[in-house]
Amino acid sequence: MIKKFASQIKQYKTQAILAPLTIIIEVFLEVAIPFTIGGIIDDGLKNIKFALIYGGVALLMAMLSLLAGGISGLCAAKAGTGFAANLRNALFSKIQDFSSKNIDKFNTGSLVTRLTLDINYIQMAFTMIIRIGVRAPIMFISALIMSIVLNAKLALVFISVIPFIVLGVVLLGRLAFPRFKKLFDAYDQMENRIQENLIGIRVVKSFAREDHETKEFSKLSKLVFNVTKHAEKVLVFAMPIMQFIMYLTSVLIIFFGGNMMIRGELSDGDFTTFIQYIGMILMSLMMIAMIFVTVIMNRTAMVRACEILDEKPDISDENADLTLTLQDGSIEFENVSFRYGTSQSKLILEDFNLTIKSGETIGIIGGTGSGKTTLVQLIPRLYDTNSGTVKAGGNDVRNYSLFNLRNEIAFVPQKNLLFSGTIKDNLLWGNPDATDEELQLAAKRAAAHNFIMSFPDGYNSAIEQGGVNVSGGQKQRLCIARALLKKPKIMVFDDSTSAVDVTTDAEIRSSIKENLSDMTVIIIAQRISSLSSADRIIVMSDGKIDGIGTHDELLENNMIYKEVYCSQLAGSSESETQI
Amino acid sequence: MKKSFGAKNNNINLAKKRINSQTALRVLKRLVRYIFEAFPFQSVIILFTTLISVGANASGTFMLKEIVESILNVRKGNAEISTVLISIAILICIYLVGVIGTFTTQRLALNISAGIMRTMRDQMFKHVQYLPVQYFASHVHGETMNSFSNDTDSLREMLSQGLPQMISSTLMVIGLLTTMLILSPVLTTLVIGMLILMLFVSSFITKNGRKYFIAQQRDLAKVNGYIEEYVEGQKIVNIFCHENTTKKSFDELTEALRKSALSAQSFSNIIMPILNNMSFISYVLTAVVGVILVVNGALGTDLEKGIAIMIAFLPASKQFSMPISQFAQQFNSILTALAGAERIFNILDTHLEHDEGYVTLVNIEENEKGEFIETLDKTNRWAWRHPHHDGSLTYTELKGDVRFESVTFSYDGERNVLNNISLYAKPGQKIAFVGSTGAGKTTITNLINRFYDVPDGKIRYDGININKIKKTDLRRSLAMVLQDTHLFTGTVSDNIRYGRLDATDEDVKKAAKLANADFFISHLPNGYDTWLTSDGANLSQGQRQLINIARAAVADPPVLILDEATSSVDTRTEKLIEAGMDRLMHGRTVFIIAHRLSTIKNANVILVLENGEIIERGNHETLLEQHGRYYELYTGLFELS
């Protein structure tokens, strides 16, 4: 795990090495200064001149130490922030390569926390390690050596204390880690709840469930409260224990040192120096303990970030022929079976077979949960089949690079999204090089041009996150325009005009049919009228094809289709009887 | 892509606006008051224990001088070894008290910080629940989210570390200053002189670093906002092969963050070595001056005393600078935390949904005389309890009669979304709204449930001015199925039960059957106990809508509002749902908004809206005969046959 993070330092290696190196210089000087103080007292008392000489040397050392410390601080800042930037980019670009299945596995909320909060923690830990992580042990060792040089017998006190400190830290760490893991999980739960609540606030309000939500939330915040206390309770011991050991050591040194002074084995100056070293050694031990604590606290964050780095993208270019491109817009499903999740869950598609010719317009209709969306998601490889093959443009979709495949397929999903930016920014997603004329043409074909022009800033009007400032129907039309700009060989509309009125819907379809007749079009719809332009209509039921044919053929020989048709059209006479 | 952040960043910039020292102080004051109000007892105790732990530390230094002095005296033969031992014993006691004081302080700080976080989160959450819908229309939810996570987190850090440290630093400075003054006023002056220099340097650095800290916060918010938006839209990114562009834009944002963070961190990283080594310089100077003083007999009455004072004074002077440098290093993060606290307080200060409604919904029974009597039993009969100005009380049975009398409404006060709308919906009627997007259909439903308010008397519910009805009670009498489906993490039955919390398992199943959801639910791996996450990730859009409908059905309300509730449900299923609904809603009022003709064609009244006005009204047949807008809207359908 450490290796994985270390590899993110990349171009900031120099600084990452320089920071601890300069810190070593700073530490050495710092450790040497008390030594000169001993001199100031011992020799200075005899002759003031020595006090001034030693004092001058000490001042010079302090200046040098300042310089070294400053450089180290700057290097650490550069390395730390650079590391965080690299890690963010690595995680984000990893997620860009994730398939829908990978995303489902983590769920978006958790991915967001990992990329935002967790990274903050890791960055904190990193800066701490390269600064204090080196400083503290070096300080500890050099101060210990100096104290041994000064008086080996007295230094024994330090050495005998060390095992207790190590034991304390290890015990606390052992105790704390599982507790902190619980804390992170509780945080996840709470954040998830808040997010859901904020997104669904209209539902909450329309059912007058404000009190209920508050009550449910307070359960979670109580849980967070309890696990926080449970986890940090352990760490609360760290500080007093350290203080206790520090005080104990001082008393022991004073006791033994005092005895030595009385016997004349220790000079006054050396005693002063020694008391200095108590502070340094115990301080550095405390810092080491603090690093352990930070690492323990942040280990969960690191593990979670690592999980992302370790996740293998479910769908990749692994077996692809990178030069291969789609010949035409033909599509073929051969014995395709598919299920979401584990093998226990139900098969959504079962042994599905279908051939679509290039340039054909196919309508798909079928009951809720019959597998329509699942079927079309397989074409741009949003998911891969469990068995069987999907072919597009003459080859297995897995043989194309994802770029070549998806570049030729425009998919307008049911749950669509616009991104914050202008309308133009959003449309340019379809084709970054599109001219204004092309943009307008696509918008006109998607029946979006008129309402775009009705906005004060036209194509430069701002879209807010998630497209909340345009209506459902407008959003759908913008999404269609965006897809049209791709000029794809295959175009899939997954119930993407449900919020568009029938006349506009018909307009869009006819302009596509007239102007883009080479394109293979798949339309999933609930309204039979939306399928009027289809060459063939497929009726799906329970993951299988129930019937294929033209509108007239299906009316003749498909029960489901006939029923749907009747429910939508011949209802006018029925409605009278129902009132 | 850079420009794309314009709209959102404005909000964040506003929220993360520069916090000046005056606001910081005000927020700090409020925070301290908040803490004292929530934990009065523990807060007082913690001040006390901090005092103990700091006092122990200071008097420990003082004892050190005593011990060294007695050691030197013993060496000279002027004192017994027992005086040393006694002093050491006292020192041990002092230190023990100090350790206990530190432990109690830390434990209490944990109690308080965790407790404050809990109260604050609970309060904030509760407050947010009752904010008007407008608030959510004008605030990106990521921003509110940020206050819950980042702002409370930095506040927690400040409360559990920064604030106690500030208190103990202040006390420690006072304690050590006293000790030093007692030991040697001359040397103390020297130390204070150096200290002032250190304060000057550190305030110079922090001041210069602050703007980068603010920039760092701003850039971090941008990066996090981008992550949230694009991780959610991952599928779209994939479809458009936009991975590389997205990565590039993200790289630009992280690079900006890296730069501002680098400046901020550089400033905060150099404070420590500078102050640390300045304290060494001060230390060396003190030692040199001290020795000169001792030699000249200006320190202590004799050499022994002088040396003892030196030995005790030097560590104290070193400790003295420590709280200062700690404080300097934490200063900017304390400011950050205070800026977060300000945002939290801002949320808590946002005005709640305005509700002066006093008409409430109660259960009733009918007595022999045919009068309504309020009861706590679940009678399944409801009435509006209406207290009048003259002190009398009337009960009006809940029927679901909704009237609009020439309602005009505008969201922004400029452009009217609804113009002079009048409509009468009697119990048992099905009212449908038709019209192109943006015609004002959803706005009408937003007014019925008082998501937005109109002037008095314009909308009446069972004859009562809707503004007089308490919002929660009003909404309890309506069930809405919204265009956007929202499912919560929990089981399928939890989600359906959201409509009526005390619904039994049979009720839930019944509602699911009515919404035609029972079939697919029973085919899920764990049936009604299947756990849904991420807004029902593995359900199809149509299935999500079915659960939504079941949720409304279980509420069993007198008024039902269906806003494109079945847009992703196939028409066969829709027809079955409609039949079920007709049974359930018999004698009750239903409002339907839909684009699909089949959804609305058997409504009693169809209102055709255009630009906020009703341009046609009638039922399916009469409207078709008119050959007007309604006919036009649906001719696409007729071309087919």
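Predicted model: local features only at pLDDT ≥ 70, side-chain atom pairs only at ≥ 80, totals over all residues.
**View 1. The contact between chain B and chain A.** The contact draws on 168 residues of chain B and 177 residues of chain A. Together the two chains bury about 16000 Å², and 67% of this area lies on carbon and sulfur atoms. Between chain B and chain A, 15 residue pairs are in polar contact, counting pairs with both residues at pLDDT 80 or more. On the side of chain B that touches chain A, helix α9 (residues 243-295) of chain B gives the most, with 29 residues. The residues on that side of chain B comprise 81 nonpolar, 51 polar and 36 charged ones.

**View 2. A salt bridge across the interface.** Side chains of opposite charge can pair when their charged atoms come close. Three salt bridges are found across the interface of chain B and chain A. One of these pairs B:E243 with A:R406. The closest N and O atoms of B:E243 and A:R406 are 3.7 Å apart, a distance that counts because the cut-off for a salt bridge is 4 Å.

**View 3. A salt bridge within chain A.** Over all chains, the structure holds 36 salt bridges. Among them is the pair A:E30 and A:R135, whose closest N and O atoms are 3.1 Å apart. This pair links distant parts of the chain, its members being 105 residues apart. A:E30 belongs to helix α2 (residues 13-46) of chain A, and A:R135 to helix α5 (residues 108-150) of chain A.

**View 4. The six-stranded sheet of chain A.** This open sheet of chain A has mixed pairing, with its strands in the order β6-β9-β10-β3-β11-β12. At the edges are β6 (409-412) and β12 (544-549) of chain A; each has a single partner strand, so one side of each has no neighbour in the sheet. Neighbouring strands are turned against each other by 15° on average, direction ignored. Strand β9 (residues 490-494) and strand β10 (residues 520-524) of chain A run parallel and are joined by five bridges. A:F493 has A:I523 in β10(A) as its bridge partner. Helix α18 (residues 559-568) of chain A packs on the sheet, where it touches β3 (361-366), β11 (536-541) and β12 of chain A. The direction of helix α18 makes about 100° with that of β11(A).

**View 5. The hairpin of β11 and β12 in chain A.** β11(A) and β12(A) run antiparallel and are joined by five bridges. Opposite A:I538 stands A:I548 in β12(A). Two residues lie between the strands of this hairpin, and A:D542 takes a positive phi near 55°.

View 6. Strand β5 (residues 402-410) of chain B pairs with strand β8 (residues 459-461) of chain B over three bridges, in the antiparallel sense. The bridge partner of B:F404 is B:I459, in β8(B).

How values were computed
Residues numbered from 1 in each chain as written. Chains lettered and ligands numbered in written order. Heavy atoms only, no water. Contact = heavy atoms within 4.5 Å. Buried area = accessible area lost by both parts, 1.4 Å probe. Salt bridge = Lys/Arg side-chain N within 4 Å of Asp/Glu carboxyl O. Polar contact = N/O pair within 3.5 Å; in protein donor to acceptor, adjacent residues only side chain to side chain. Helix = DSSP H or I, 4+ residues; strand = E, 2+ residues; numbered from the N terminus. Nonpolar A, V, L, I, M, F, W, Y, C, P; charged D, E, K, R; others polar. Pairing = 2+ DSSP bridges. Axes fitted to C-alpha atoms, helices over the stretch in contact; angles between N-to-C directions.
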